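Thanks for coming. I will take one complex this morning and go through it piece by piece.

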Amino acid sequence: MSTLQATAATPVSALPLPAFKRSRGHWANVAARIVRNPLAMIAAVILLALIGIAVFAPWIMPADPFATSMFTRLKPIGTPGHLFGTDELGRDLLSRLMLGGRLSLFMGITPVLTAFVIGSGIGILAGYAGGFINTAIMRTIDVLYAFPSVLLAIALSGALGAGIVNALTSLTIVFIPQIARIAESVTTQVRRSDYVDAARASGAGAFTIVRAHVLGNVLGPIFVYSTSLISVSMILASGLSFLGLGVKPPEPEWGLMLNTLRTAIYTQPWVAALPGAFIFITSISFNMLSDGLRSAMEVKQ
Amino acid sequence: MTNQRDIGGPRQPLLQVRDLLKHFPLKGKGLPFASPRSAVRAVDGVNFDILKGETLGVVGESGCGKSTTARVLMQLINQDSGELVFDGETVGSRALPLRQFRRQAQMVFQDSYSSLNPRMTIEDSIAFAPTVHGLPSREAITRARDLLARVGLQPERFAGRYPHELSGGQRQRVNIARALALEPRLVILDEAVSALDKSVEAQVLNLLLDLKQEFGLTYLFISHDLNVVRFISDRVLVMYLGQVVEIGSSDQVFDQPRHPYTRALLKSMPSMDPLQRTMEAPLAGDPPNPINPPSGCRFHTRCAYARPVCGQRAPVFTSDESSGGGHGVACLRYEADTASLFSTAGEVSHA
């Protein structure tokens, strides 16, 4: 009797529903394709290695990155005990590069991530709303967009004052218009598709439609574009540090290191070029990865 | 989910369209403050009824306003003026809010691919609308699978697939299932079979006929394919440049067409007999520009019967029955005071 009652009380929604085999989703397909792209995979491995080194830097650094020594200034690459040589104050360059990766990568990724969230929100709102709201938002964005990004970043940082937080803020403001524009154009496209019309015809509200039908189709392209901005962000951040508007010495950061070592360009050119090489390798890796991601997502079956 | 059914009784038309008007203003033409601004007169005063349980076919050339009419009927575009009365209640009124109307009227689009979200599995796409209207997701999925089986796609094989893995015909079956998921009473089929292969088209048409029987549906079937319209429709509506020029039962329109445009359209149907094939184009030239439609009767620029009066006076739609069915036409040759102006009187008769 008790079992009978239990069965009768079970609502339909609690009955087991056979789960039919799902096809591989879009993102599984993208992953499968990007794994087969050698360039993107090399870039991913390099980035993972750089991030790993930066994260674990305090434990794997060969020397103290802050210990100066007047006797070992500007040693060449390959000096025993200083594999990558030393800087103008005799600090171990390898250790500084490892620890400096933290700030450099952080300053490359954080503004882009923040701008991705804010810019996508603005762009999707403008693209989905259309009409007057779209015009109002996008023309405001265009005002910021009219400035060259380097100039805007320097002007904002200069106005806000030196410091990491201010540098991050100004970089975020630089990237928001760029991401918002992409988000707006992708969303406008999706907005006009028949499946959004079909969803509207089914009586769903704007919020439900954006959540269920728009986000999944626009976030991918916006994300790909944003990853390509990481390298720009790193270079801009390095530039700000170079101008004394970002990170303050003695904190190691690749842009700042490049700045201080530039005086040694005639005595130890290879050592002086090393921080620049790291910036270059990181940004080109981000670019190759986002390129790979884009072509993996473009393929239509 | 219970739909309120049949309020007005069987004689009440399911959807009455009254003086529907939709103009698209043109941007960037002329000075910014110049008035009046020109507009594409896509739907220009359209009146018709869709009777309960019938299939009303809509035919006309490309750009005559068929699809715009469909989108206005679904309220995907808002009309400039005019009224939609669904089973006796005005759409958008307190008695029938838009959301309630949308549960009862659904649409199948022409492009089977772009009308399905590429990131959603088939069953999720079908289950979306019922969940929007408050059905628990589990029951919605169950309903989606039942509907998949009903439109001839085994749920075990297709439920978890994505749109790109299906053929055009299979996708259009999914779209039909999605339209039926809310248990609508009216289904608007906007060129729903036009993009399919002939053999697949026939299968889907038969499916549509079966579903109509089973669920007691009413169809508005828009197509440029006259053979298909004749096969599926009970009544046929002919549109020209945003206006209705003729309505009648399928047999009336196809066997005794009254409007010269309908006659020309029917003459353009390819014949099965090579000896009977049409040798000259029955309609000369492209349809006039809907931005500045011709004065008087809009068809007079291409009409073989045109008289000077046609360019001056717009014909009034006249029907031989006042309500519902009947054979109606908008042509001066059928208006009492102007019929005599058309000299070959023997040809014009109110048969």
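What you see is a predicted model. For the complex, the predictor gives an ipTM of 0.83 and a pTM of 0.80. Chain B has a mean pLDDT of 84, and 89% of its residues reach 70 or more.

Now chain B as a whole. Chain B has 351 residues, and 45% of them count as buried. Its secondary structure comes to 10 helices and 12 strands. If you take the contacts in chain B between residues at least 6 apart in sequence, 64% join residues at least 24 apart.

Next, the sheet. In chain B, 8 strands make an open sheet with mixed pairing, and the order is β6-β7-β8-β3-β9-β10-β12-β11. Which strands stand at the edges? They are β6, residues 105-108, and β11 of chain B; each has a single partner strand, so one side of each has no neighbour in the sheet. For β11(B), 2 bridges join it to β12(B), residues 328-329, and the two strands run antiparallel. In one of the bridges, B:Ser319 is partnered by B:Gly328 in β12(B).

Two helices of chain B go with this sheet. Helix α1 of chain B, residues 66-73, packs on the sheet and touches β3, β6, β7, β8 and β9 of chain B. The direction of α1(B) makes about 150 degrees with that of β7(B), residues 186-190. Helix α10 of chain B, residues 260-267, lies across β3, β9 and β10 of chain B, and runs at about 105 degrees to β9(B).

Over to chain A, and to helix α5 of chain A, residues 93-129. I will describe two of its packing partners. With helix α6 of chain A, residues 131-145, the angle is about 145 degrees and the axes are 7 Å apart. That crossing is left-handed. On the α5(A) side the contact has A:Ile122, A:Leu125, A:Ala126, A:Gly127 and A:Ala129, and these meet A:Gly131, A:Ile133, A:Asn134, A:Ile137 and A:Met138 in α6(A). By class, the residues of that contact are 7 nonpolar, 3 polar and no charged.

The other partner is helix α10 of chain A, residues 206-242, which packs with α5(A) at about 145 degrees, with the axes 7 Å apart. Here the crossing is right-handed. The contact of α5(A) with α10(A) has 18 nonpolar, 6 polar and no charged residues.

Last, where the chains meet. How many residues are in contact? On chain A there are 25, and they are in contact with 34 residues of chain B. On the chain A side, α9, residues 194-201, and α10 each supply at least two residues. The largest share, 7 residues, comes from α9(A). By class, that side of chain A has 9 nonpolar, 11 polar and 5 charged residues.

That is what I have; I will take questions now.

Conventions. Residues numbered from 1 in each chain as written. Chains lettered and ligands numbered in written order. Predicted model: local features only at pLDDT ≥ 70, side-chain atom pairs only at ≥ 80, totals over all residues. Helix = DSSP H or I, 4+ residues; strand = E, 2+ residues; numbered from the N terminus. Buried ≥ 20, exposed ≤ 12 C-beta atoms within 10 Å, placed from the backbone. Contact = placed C-beta atoms within 7 Å. Axes fitted to C-alpha atoms, helices over the stretch in contact; angles between N-to-C directions. Left-handed = near helix turned anticlockwise from the far one by under 90°. Nonpolar A, V, L, I, M, F, W, Y, C, P; charged D, E, K, R; others polar. pLDDT = per-residue confidence, 0-100. Pairing = 2+ DSSP bridges.
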